[in-house]
Amino acid sequence: MQMPAQPERTRRLRPANNGRRIRREKRTIEAMLDVYCRGHHATDGPGRDGLCADCADLLRYAHQRLDNCVFGELKSPCNDCTSHCYSGKMRPRVVEVIRYSGTRMTLRYPLLGLLHMLDKLRPCS
């Protein structure tokens, strides 16, 4: 009897989203968390190395959720999404970060801020 090349469970999992849109969403949430963490937790340094432990955990969680987003490259901004990916425990934290850093992000990360605002104007698929 021949064994299957991959275990049954592994074969059914779909690959992680890794398109341009998802990569930009990951950069955007990382920028938002950077702005939020600098404003609330007084950490220094660019990128992940500058985030506190709580914000780094939230970033890891957000990246995981974006990897598994059912809409993939057709994803709309999270506040317009019909299917919320974040759990009940994490969603208030993400909403707090997005509310605080949404407008402030345009000063620190102008290109990402502009692209995020343009995404909000784009019609939903």
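Arg104 lies over the face of Tyr100, at 3.9 Å from the ring centre, where a charge sits over a ring if NZ of Lys or CZ of Arg is within 6 Å of the ring centre and within 35 degrees of the ring normal. The model is predicted, so that local features need pLDDT of at least 70 and side-chain atom pairs count only at pLDDT 80 or more, while totals for chains, interfaces and linings use all residues. Residues are numbered from 1 along each chain as its sequence is written, and side-chain values use heavy atoms, with hydrogens and water left out.

The ring of Tyr100 also takes part in the one aromatic pair that a search of the whole structure finds. Rings of Phe, Tyr and Trp (its six-membered ring) pair if their centres lie within 6.5 Å, and planes under 30 degrees apart count as stacked, over 60 as edge-to-face and the rest as tilted. The centres of the Tyr36 and Tyr100 rings are 5.7 Å apart and their planes stand at 85°, so the pair is edge-to-face. It links distant parts of the chain, with Tyr36 in helix α2 and Tyr100 in helix α4, 64 residues apart. Tyr36 is buried at a relative accessible area of 9%, whereas Tyr100, at 21%, counts as partly exposed; buried means under 20% relative accessible area, exposed over 50% and partly exposed in between (1.4 Å probe, protein chains only).

How do the two helices meet? The axes of α2 (residues 20-40) and α4 (residues 91-108) come within 8 Å and cross at roughly 95°, the axes being lines fitted to C-alpha atoms, for helices over the stretch in contact, with angles running from 0 to 180 degrees between N-to-C directions. The two helices are therefore roughly perpendicular to each other, a term for angles of 65 to 115 degrees. By class, their contact has nine nonpolar, five polar and five charged residues.

Thr28 lies in helix α2 and is buried, with a relative accessible area of 4%. Leaving aside residues up to four places away in sequence, Thr28 touches Met105, Leu112 and His116, contact meaning heavy atoms within 4.5 Å.

For the protein chain as a whole, the secondary structure comes to five helices and zero strands, where helices (H or I, at least four residues) and strands (E, at least two) are DSSP runs numbered from the N terminus. Of its 125 residues, 35% count as buried.

Notes: Angles under 35 degrees count as roughly parallel, over 145 as roughly antiparallel, 65 to 115 as roughly perpendicular and the rest as oblique. Ala, Val, Leu, Ile, Met, Phe, Trp, Tyr, Cys and Pro count as nonpolar, Asp, Glu, Lys and Arg as charged, and the others, Gly among them, as polar.
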